Amino acid sequence: MKITPITGNRDFQRVYRRGKSCVSPGLVTYVLKNKNNNLRIGITTSKKVGKAVKRNRSRRLIRAAFSHLDVDMNQNYDIIFVARTKTCFLKSYEVERYMREHLRSLGIMKT
RNA sequence: CGAGUAAACCAGGCAGUCGCGGGCAAUGGUCGAAAGACCCUGUCCGAGGAAAGUCCGGGCUUCACAGAGCAAGGAUAACGGCUAACGGCCGCCGGGGGCGACCCUAGGGAUAGUGCAACAGAAAAUAACCACCGUACUCUGUACGGAACGGGUGGAAAGGCGAGGUAAAAGCUCACCAAGAUGGGGGAGACCCCAUCGUUGUGUAAACCCUAUCCGAAGCAACACCGUGGAGGGACAUACAGCUUGCUCGGCUGUCCCGCGGAGGUGGCACCGAGCCGUCGCGGCAACGCACGGCCAAGAUAGAUGACUGCCGAAUACAGAACCCGGCUUACAGAUUUACUCAUAGC
């Protein structure tokens with residue numbers, strides 16, 4: 001599964017401002033419709049999460065969790081996942097559980 | 001066996017399932033006129049000792065000067081060496097600490113000059129408060145003089161300490177010690193040793209300052225290049241196409257050229273280099289140099305090493321390359337090895 005990344009600060013700002021969001025202790029998710037005919041993914045790990053090692057681990061966990069979920073990549077949505085301070089201490093199936101709940105309630109995943 | 005000192009080294013491993021970045025190779029597939037692009041397959045490689053802090057020194061790039069000196073500002077500070085260079089490293093000297101192995105040292109100049117030294121204290125640099133001694137007197141004291149031994153204050157009190165000496169004292173004299181000057185000797189040098197001279201005003205230079213040496217500035221978001229689009233200028237009398245009313249003139253847009261800022265892309269950039277590793281090799285106490293042999297081992301660009309499971313006593317230390325090297329500093333669970341020191345007990 002090839003992930004199309006979101007690049008550019010403008011796209012991120014648009015999703016933050018106008019997208020729908022969902023919050024858990026280990027993960028925050030933003031979703032907004034785009035015009036690209038495919039799913040785009042962005043991951044944010046701010047300095048609040050920690051230094052480089054913790055931020056890298058958070059990003060990898062989120063990417064691994066997403067690839068375990070079987071998401072239809074042909075929907076026209078932008079999704080942004082934001083890591084939180086707790087994220088890098090979690091196991092990947094915990095992040096996966098939060099992510100599944102978020103994507104279901106935001107209407108990306110059906111089942 | 002215990003306590004300790006100094007170095008070196010490692011920084012979880014293995015198996016399975018799923019997954020990521022790059023190089024190379026070849027086949028097949030899709031698209032394309034082609035160049036090529038994408039997918040698939042195989043194989044190899046894929047973070048650190050500090051990758052960190054960005055504190056020094058370089059390479060590289062652009063700009064400035066393309067000669068020399070002076071001033072300003074900054075950095076360094078015993079001495080000898082090593083190095084491309086350094087504020088680094090090694091050795092050594094002085095000082096300090098430790099029984100010792102060993103460790104620490106911002107370690108030039110206070111005799112170039114100007115300052116400062118709060119409070120306390122009589123006095124912080126032309127020293128006399130108490131106590132001491134002498135003389136005079138109006139004699140339980142006062143005045144004048146002597147005197148830095150004692151007291152008290154202070155971070156520091158006029159080289160230290162003892163003896164002689166004296167009215168009491170004082171380098172006044174003497175022995176030893178500290179500092180200084182002069183002379184001699186040793187050493188590559190810092191410095192050390194010896195002799196003589198009574199020559200002796202404390203601290204502060206992390207106060208200004210003086211001396212010696214060194215230093216142009218900015219950084220890979222540097223810098224070089226690319227095509228598309230953008231606004232601008234020019235060439236087009238003409239010609240071609242379109243629009244402006246059917247035609248003419250005129251106007252606008254495009255076609256051609258120029259340089260400009262600039263979202264984006266490519267190079268820089270993954271390296272034969274001050275390269276890395278090794279040697280009962282040679283020189284050197286050592287840092288290091290030489291010789292020989294071997295190796296070429298990350299290169300992303302929203303940024304690749306991960307997820308899950310099991311086993312191994314335990315393993316969740318600090319922590320992630322971003323142009324590249326040499327250092328320094330700081331963070332750090334634990335494991336191993338080597339050399340050395342000390343004490344106690346036992347044999």
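**Questions about strands and core**

Trainee: Which residue in E3 is the bridge partner of Ser-24?

Mentor: Leu-27 is the E3 partner of Ser-24. Keep in mind that this is a predicted model, where local features need pLDDT of at least 70, side-chain atom pairs count only at pLDDT 80 or more, and totals for chains, interfaces and linings use all residues. Residues are numbered from 1 along each chain as its sequence is written, with chains lettered from A and ligands numbered from 1 in the order in which they are written.

Trainee: What makes E2 and E3 a pair?

Mentor: Pairing takes at least two DSSP bridges between two strands. E2 (residues 20-24) and E3 have five, in the antiparallel sense, so they qualify. A hairpin of two residues links E2 to E3.

Trainee: And which way do E3 and E5 run?

Mentor: Antiparallel, with seven bridges. Lys-33 sits opposite Tyr-77 in E5.

Trainee: Why are these called strands?

Mentor: Because they are DSSP runs of type E with at least two residues, while helices are H or I runs of at least four, both numbered from the N terminus. Chain A has five strands and three helices.

Trainee: What makes something a nonpolar core?

Mentor: It's a set of buried Ala, Val, Leu, Ile, Met, Phe, Trp, Tyr and Cys residues joined through C-beta atoms within 7 Å. Buried means 20 or more other C-beta atoms within 10 Å of the residue's own, with C-beta atoms placed from the backbone. The largest core here has 20 residues, with Ile-62 and Phe-81 among those with the most contacts inside it. E5 gives the most, six residues.

Key
A residue is buried if 20 or more other C-beta atoms lie within 10 Å of its own, exposed if 12 or fewer, and partly exposed in between; C-beta atoms are placed from the backbone.
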